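Please check each one against the view below.

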Amino acid sequence: MPRTRASASRLFVPHKASRTERRAARAGFADAHRQARLAGRPPNHRAQETTDPELRPVYPPAGRPGPASARGGKLRLPAHRMTTATASGAYPFVAEGGLGAEGVFIGRDVHAEAAFCFDPFSLYGSGRIEGFTNPNAVLAGIIGMGKSALAKSIATRSIAHGYRIYIPCDPKGEWTGVAQALGGYSIALGPGLPGRLNPLDAPARPVSVSEDNWASEVRKRRLLLLAGLARTVLKRDLLPMEHTALDLALDLVVAEAAARGTVPLLGEIAYVLGSPQRLDQALGNSSGHLGTAAQDVAHALRRLVHGDLSGMFDAPSTVAFDPTAPMLSIDLSRLGGAGDDTALVLAMTCASAWMESALADPAGGRRWVIYDEAWRVMRHVGLLERMQSQWKLSRGLGIANLMVIHRLSDLLSAGDAGSRGRVLAEGLLADCSTRIIYRQEPDQLDAAASLLGLTGVETQAVSALTKGRGLWKVAGRSFITQHILHPAERELFDTDARMSA
């Protein structure tokens, strides 16, 4: 298409013309010159093809013309000084740099568009974060949002950093394949299975502890275990005479086992408790009838020997605890399937006591202890007391506890307001410097905001989180993090395999 050429020449204006006539002549020349310039330009095909005026650009590609374009260094703003805390709120596009590059890689910080790493041990040791007082963590999220994959990913990647992983309770058996793939092992407990654990096994004595002090410590642990088992079955606190009966029965069984060169068993404790004459004779000159008062406790412990839990804790251990294994899990998937969690709680109590032999070793290194599906044991005070003790001693033992639940309101199901169970459950949450919240249902947002102290923006963000994305509250700092899985991890951690063809 030939290009149109146009030009404009100045008009002759007589010398005697008035000022108005000359002004009109100049305006006419300027208009003609502008039309000539436009006529010489190529047609704007894009503007012609766009029929909708709303879709046409407001400004040319070169930007907004005139002084409002802020080009040429003519923009002058008054100076304003503020703190970084105020700046991060005044300018939402300002994001912090995360927790640093040290630790286990988790995924991507959504706001900072950077890698997100997390290591509770290094954060506690460095003191970089104010208010980070312990390495414990809680992970909450509804089904299908990827919280199990996150817990397994943290465990798997922590092994590469030299940490060991213990899972004292695996109610669904999901950690068995993970442990075996990483060179660890899993112990499956249930009726008819060959695995046996003796919860009264004495752990190895640390070098720094004398024999007398260690014997007293082992005796105290065994008494706490027996009392917790009896309390769980009876669903009440023990009476003073029942505590005395447990004390005497344990001493009798331990003395007889030491004479034979064996270890005490739960079945022997239950047998002595069911023998009133032996208990009354061991009590001495004190008031009698102790054996009659211990009958309820005897029948409670008998369930572990002859009841629905027989064949698991009534014989010497068939496996030895290997503290050097990278991962150890206790598979309890064959228990508690009928809606009654009592068998599961009893088995978990015994398994936890058995695993404490490694946790109590100060030379055991740094370890993760993961309580998967912890909501199932929240209603049992005995287990909550054991967990609280482990939470309180986490720094001295060199362990980081991770509690995995579905909803934050699961903590409220531990009991009525002011009850012992409720106080213990809320204490566990208070002793977690790291809170990881995946998506929550709308009716759970108020409970989550109240328990965690979420702001309005954080509460709104939790309700809109997508799969694999969670709100991380590390002490007083918050992050929205997208968890990134390796294809091999995705295949290994798949919990929906049965839902696919």
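In which sense do strand S5 and S6 pair, and over how many bridges?

1. This is a predicted model, and I begin with the strand pair just raised. Strand S5, residues 185–188, pairs with S6 in the parallel sense, and four bridges connect the two. Within this pairing, Tyr 185 stands opposite Leu 328 of S6.

2. S6 also pairs with strand S4 (residues 164–170), again through four bridges and with the two strands running parallel. Here the bridge partner of Asp 170 is Asp 331 in S6.

3. Strand S6 itself, which spans residues 327–331, is mostly covered, since five of its five residues are buried, buried being under 20% relative accessible area. In a regular strand the side chains alternate between the two faces of the sheet. In S6, Met 327, Ser 329 and Asp 331 point one way while Leu 328 and Ile 330 point the other way, and all of them are buried.

4. Cys 169 deserves a separate look, as a residue that lies in strand S4. Is Cys 169 buried or exposed? Its relative accessible area is 2%, and Cys 169 therefore counts as buried, the limit being under 20%. If neighbours within four places in sequence are left aside, Cys 169 is in contact with Ile 330, Leu 332, Leu 344, Met 348 and Asp 372. The C-alpha atoms of Cys 169 and Ala 374 are separated by 8.5 Å, although these two residues are 205 residues apart along the chain.

5. Turning to the sheet as a whole, eleven strands form an open sheet with mixed pairing, in the order S2-S1-S11-S10-S9-S3-S8-S7-S4-S6-S5. S2 (114–118) and S5 stand at the edges with a single partner strand each, so that one side of each has no neighbour in the sheet. On average, and with direction ignored, neighbouring strands of this sheet are turned by 25° against each other.

6. Elsewhere in the sheet, strand S10 (residues 469–474) and strand S11 (residues 477–483) run antiparallel and are joined by six bridges, with Arg 469 standing opposite Gln 482 of S11. Helix H5, residues 147–159, packs on the sheet and touches several of its strands, among them S1, S4, S6, S10 and S11, while its direction makes about 135° with that of S1. Helix H18 (residues 456–463) lies across S9, S10 and S11 and runs at about 150° to S10.

7. Among the helix contacts, helix H8 (residues 240–260) packs with helix H9 (residues 266–273) at an angle of about 125°, the axes being 9 Å apart. The two helices H8 and H9 are therefore oblique to each other, and their crossing is right-handed. The residues that meet include Leu 246, Leu 250, Val 253 and Arg 260 in H8 and Glu 268, Ile 269 and Val 272 in H9. By class, this contact of H8 with H9 has nine nonpolar, no polar and two charged residues.

8. H8 also packs with helix H10 (residues 276–283), at an angle of about 95° and with the axes 10 Å apart; H8 and H10 are therefore roughly perpendicular to each other. Among the residues in this contact are Thr 244, Leu 248 and Glu 256 of H8, which meet a set in H10 that includes Arg 278, Leu 279 and Leu 283. By class, the contact of H8 with H10 has seven nonpolar, one polar and two charged residues.

Key
Residues numbered from 1 in each chain as written. Predicted model: local features only at pLDDT ≥ 70, side-chain atom pairs only at ≥ 80, totals over all residues. Heavy atoms only, no water. Buried < 20%, exposed > 50% of the residue type's maximum accessible area, 1.4 Å probe, protein only. Pairing = 2+ DSSP bridges. Axes fitted to C-alpha atoms, helices over the stretch in contact; angles between N-to-C directions. Parallel < 35°, antiparallel > 145°, perpendicular 65-115°, else oblique. Left-handed = near helix turned anticlockwise from the far one by under 90°. Contact = heavy atoms within 4.5 Å. Nonpolar A, V, L, I, M, F, W, Y, C, P; charged D, E, K, R; others polar.
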